[in-house]
Every structure is written in C-alpha cells, then in structure tokens.
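Subject: A structure for you to look through

Hello,

Here is the structure I promised to pass on to you. Please open it beside this email and keep the sequence at hand while you read.

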Amino acid sequence: QVADNALLDFGATDSFTVLAVVRQWQTPASSRAYAFKRGGGGEGYILITNGTAVQGRAQVSDGSAIVARNGSTFTAGALTVVGLEVNRSEQQVKTITNNTVDAGGDISSVGTLESSAPFYVGSAGTPQDFELIAATVFRRALTSGELETLSTYFQSRG
C-alpha cells in the first residue's frame, strides 16, 4: 500500500499506464487486485483479475461513469505482463496482456480519476492466487514498442 500521492492521481485529460508483472496460478475464485487506486465513491482506476478466467481486467470510473475491459486470456503459471492504459488523446481505456493491447473502451464520458485513496499493489487485505513480480505506473500512454520491450524482457525471465 502506497499513501495517496499526487503523482498517482490523474485528471480528466491525463493519459497513463499501469503495469503489473504476475504469475497467475489458477483461475481466480473472484476478482483480485494487481494494482488499484479507487476511492470510496468508486472514483479511480483498478487492474484486477477477471474472476472467471486467467486474464486481467481494467476499470476506470469518475464515481458515476464506469468503463471496464477484459484483456486476453493467458496461461496460468506463466510470467505475464498485465496492464491498463488510459489514453485521453483517443478517449480509450485499454487492457494490456504482454504486448497485446485490446481495442479499448470509450471513456469520453469519464471525468477525473483523482482519489484520496492509497495505491494498492497486490493484496488489499485479501489473499491472492498470484505471484507479483513488479508493478509500475507511467504518467503517459506507452508506445507499442515500449510495451513489446517490457513484455519481451519479463517473459524471457519466466
């Protein structure tokens, strides 16, 4: 858990990328957090397990409008890069699985994602069924080349 910090808050015009390198052991029984920052009113962003498949799920909300995307299914036990990308130039939230980025969901109706909540990585008090290797937040949308480089690096260590 990381205390609230302005560097982890994103307004209605800010693009960013959240990545987690994980080894998901099995299909999770319910949604579990890889990384998230969401306030009591639902405002913020989350990167979680799907809860019904071995895949990541990205969700953003300003407290009223919510947009969620499921990523590609990946192999249980394999080292995998999962992530969420908010691209305000395109008004899209996208889910990342290794170097595959989904088509995205429209976030033009979603305002600020700022929250006074802490940023959680891995467990938020609930037991998890994955190994967390690394997590990071980039204050911009990453390029496809950058995602490929990061994915190749971590998958080669798997």
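Below is what turned up, going from the whole chain down to single residues.

**The whole chain**

Please keep in mind that this is a predicted model.

How does the radius of gyration agree with that of a compact globule? For 158 residues, such a globule would come out near 15 Å, and the protein chain has 14 Å, which agrees. The C-alpha trace spans about 35 × 35 × 25 Å along its principal axes. Buried residues account for 50% of the 158 residues. Of the contacts with a separation of 6 or more, 63% are between residues 24 or more positions apart. The accessible surface is about 7000 Å², and carbon and sulfur atoms hold 47% of that.

**Salt bridges**

Side chains of opposite charge can pair when their charged atoms come close. In this structure there are six salt bridges, and here are some of them.

- Arginine 23 and glutamate 131 meet through their side chains, at 3.2 Å from N to O. This pair links distant parts of the chain, since arginine 23 sits in strand β1 (residues 16-24) and glutamate 131 in strand β11, 108 residues apart. Arginine 23 counts as buried because its relative accessibility is 14%, under the 20% limit. Glutamate 131, at 33%, counts as partly exposed.
- Arginine 69 and aspartate 102 form a salt bridge with an N to O distance of 2.7 Å. Arginine 69 belongs to strand β5 (residues 66-70) and aspartate 102 to the loop between β8 and β9 (105-106), so the pair ties together parts 33 residues apart in sequence. Arginine 69 is partly exposed at 25% relative accessibility, while aspartate 102 is buried at 16%.
- Arginine 140 pairs with glutamate 146, and their closest N and O atoms are 2.8 Å apart. Glutamate 146 is partly exposed, with a relative accessible area of 27%.

There is also a network: salt bridges that share partners join Asp4, Asp9 and Lys37.

**Arginine 140 and its surroundings**

Let us stay with arginine 140 for a moment. You will find arginine 140 in the loop between β11 (130-138) and α1 (144-155). Its relative accessible area is 39%, so arginine 140 is partly exposed. Apart from neighbours within four places in sequence, arginine 140 is in contact with Ser15, Phe16, Thr17 and Glu146. The C-alpha atoms of arginine 140 and valine 86 are 8.2 Å apart, although 54 residues separate the two along the chain.

Is serine 61 buried or exposed? Serine 61 counts as buried, because its relative accessibility is 3%. Serine 61 is placed in strand β4 (residues 56-61). A polar atom of the serine 61 side chain lies 3.0 Å from the backbone nitrogen of glycine 63. The backbone oxygen of alanine 65 is 3.1 Å from a polar atom of that side chain. Beyond residues up to four places away in sequence, serine 61 touches Gly42, Glu43, Gly44, Ile66, Val110, Thr112 and Leu113.

The loop between β2 (33-38) and β3 (44-49) holds glutamate 43. Glutamate 43 is buried yet has no salt bridge, and the nearest side chain of opposite charge, arginine 38, is 7.9 Å away. A polar atom of the glutamate 43 side chain does lie 3.1 Å from the backbone nitrogen of glycine 41. Among the contacts of glutamate 43 outside four places in sequence are Lys37, Arg38, Ser61 and Asp62.

**Two residues with positive phi**

Which residues have a positive phi without being a glycine? Glutamine 91 is one of them, at about 55°, and asparagine 98 is another, also at about 55°. Glutamine 91 lies in the loop between β6 (79-87) and β7 (92-97), and asparagine 98 in the loop between β7 and β8 (100-101). Glutamine 91 is partly exposed at 23%, whereas asparagine 98 is buried at 13%.

Enjoy looking around, and write back with any questions.

Best wishes

Definitions and conventions: Residues are numbered from 1 along each chain as its sequence is written. This is a predicted model: local features need pLDDT of at least 70, side-chain atom pairs count only at pLDDT 80 or more; totals for chains, interfaces and linings use all residues. Side-chain values use heavy atoms; hydrogens and water are left out. Helices (H or I, at least four residues) and strands (E, at least two) are DSSP runs, numbered from the N terminus. Buried means under 20% relative accessible area, exposed over 50%, partly exposed in between (1.4 Å probe, protein chains only). A polar contact is a pair of N or O atoms within 3.5 Å; within protein, one must be able to donate a hydrogen and the other to accept it, and residues adjacent in sequence count only if both atoms are side-chain atoms. Contact means heavy atoms within 4.5 Å. Lys and Arg count as positive and Asp and Glu as negative; His and the chain ends are not counted. A salt bridge is a side-chain nitrogen of Lys or Arg within 4 Å of a carboxyl oxygen of Asp or Glu. The radius of gyration is taken over C-alpha atoms; the globule rule is 2.2 Å times the number of residues to the power 0.38. Accessible areas come from the Shrake-Rupley method with a 1.4 Å probe; for residues, only the protein chains shown count as cover.
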